[in-house]
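Dear colleague,

Please find below the structure that I am handing over to you.

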Amino acid sequence: MVLERLSRNMFQESKPSEYLYSPDLLLRLDFTKSPAQFSPHISAAQPGESWMVVRPLQRSDYDKGFMQLLSQLTSVGNITRKQFDDRFTQMKQSGGYYVTVIEDTRSAKIIGSATLTVEQKFIHNCSLRGRLEDVVVNDTYRGKQLGKLIVVTVSLLAQELGCYKMSLDCKDKLVKFYETLGYILEPGNSNAMNMSFLWIAPTEFSSILANPGSRIRYAILTISRRNDRPALQTVKPL
Ligand SMILES: CC(=O)SCCNC(=O)CCNC(=O)[C@H](O)C(C)(C)COP(=O)(O)OP(=O)(O)OC[C@H]1O[C@@H](n2cnc3c(N)ncnc32)[C@H](O)[C@@H]1OP(=O)(O)O
């Protein structure tokens, strides 16, 4: 019955759109395996409202506010439909990308998203490791368990796909949130370290050259081209 409903929600689109990965994978998730407490109980198959569906990203989600949702998490840039389409195709072809969303089907808007990426390893007998990325819930829908729902969904998906562990980076204030979902700060092994490379889109690049020092207080020392895009390779604070 539940599976029937989820399948119906997933396929009942007036114009079917391509999924990033098979929606069947989400039908197999067993929410009783998660330590997360839901009150009332909800799951990917039964998100608690008839107008809500948890599913893989679709190509048509560009028109359902997916990029606008991501902009509540971090800077996104002006992504054109072609850029979105190309990236969707690359993610699908490479495998290992499980961008999962929650849609409000009343407004045809994406209201939550989280990404599982699966790394293939040689260690631990050619194991798989999951990484949780880009978790966001639309600000008008927060506090209704949707953050928990989307994180638990992709975490169980990682387990279903055979990952031996799942990791994430987050701000200090979110540690408690993730702890309630089964993530653990391991003593002596919980430092996130980053080396940031400042990539810059061609349009932003020209605007910085036109207005040196206006938005970014760095001097450009060398410029390289990578993936056919100009990029700052070395920067020095002014
Ligand atoms: C790996 C990563 O991507 S880290 C990046 C996380 N994303 C962001 O910071 C983007 C902006 N924030 C958001 O989109 C949302 O606030 C989210 C995704 C963090 C949480 O979404 P919500 O739908 O509000 O979460 P949900 O309703 O499931 O809340 C679950 C619990 O976490 C707590 N919680 C939620 N957000 C926060 C927060 N920002 N700080 C502290 N606690 C929080 C809630 O109080 C709730 O606690 P309770 O179960 O005791 O009532």
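In helix H6, the buried residues are Leu146, Gly147, Leu149, Ile150, Val151, Val152, Thr153, Val154, Ser155, Leu156, Leu157 and Ala158. Please bear in mind that this is a predicted model. Since 12 of the 15 residues of H6 are buried, the helix is largely enclosed by the rest of the structure.

The length of the helix can also be checked. At 1.5 Å a residue, the 15 residues of H6 should span 21 Å, and this agrees with its end C-alpha atoms, which are 21 Å apart. After H6 comes Gly162, with a positive phi near 95 degrees.

The largest nonpolar core comprises 36 residues, and those with the most contacts inside it include Leu149, Ile150, Val154 and Leu157. Among the elements that give two or more residues to this core are strand E2 (97–104), strand E4 (128–137) and helix H6 (146–160). H6 gives the most, with nine residues. Leaving aside neighbours within four places in sequence, Leu157 is in contact with Leu25, Leu29, Tyr98 and Leu116.

The ligand is surrounded by 20 residues, of which the closest are Val135, Val137, Arg142, Gly147 and Lys148. At least two residues of this shell come from each of E4, H6 and helix H7 (175–179), and E4 gives the most, with six residues. By type, the shell holds 10 nonpolar, three polar and seven charged residues.

Yours sincerely

Definitions and conventions:
Residues are numbered from 1 along each chain as its sequence is written. This is a predicted model: local features need pLDDT of at least 70, side-chain atom pairs count only at pLDDT 80 or more; totals for chains, interfaces and linings use all residues. A nonpolar core is a set of buried Ala, Val, Leu, Ile, Met, Phe, Trp, Tyr and Cys residues joined through C-beta atoms within 7 Å. A residue is buried if 20 or more other C-beta atoms lie within 10 Å of its own, exposed if 12 or fewer, and partly exposed in between; C-beta atoms are placed from the backbone. Helices (H or I, at least four residues) and strands (E, at least two) are DSSP runs, numbered from the N terminus. Two residues are in contact if their C-beta atoms, placed from the backbone, lie within 7 Å. The expected span of a helix is 1.5 Å times one less than its number of residues. A residue is near a molecule or strand if its C-beta atom, placed from the backbone, lies within 6 Å of it. Ala, Val, Leu, Ile, Met, Phe, Trp, Tyr, Cys and Pro count as nonpolar, Asp, Glu, Lys and Arg as charged, and the others, Gly among them, as polar.
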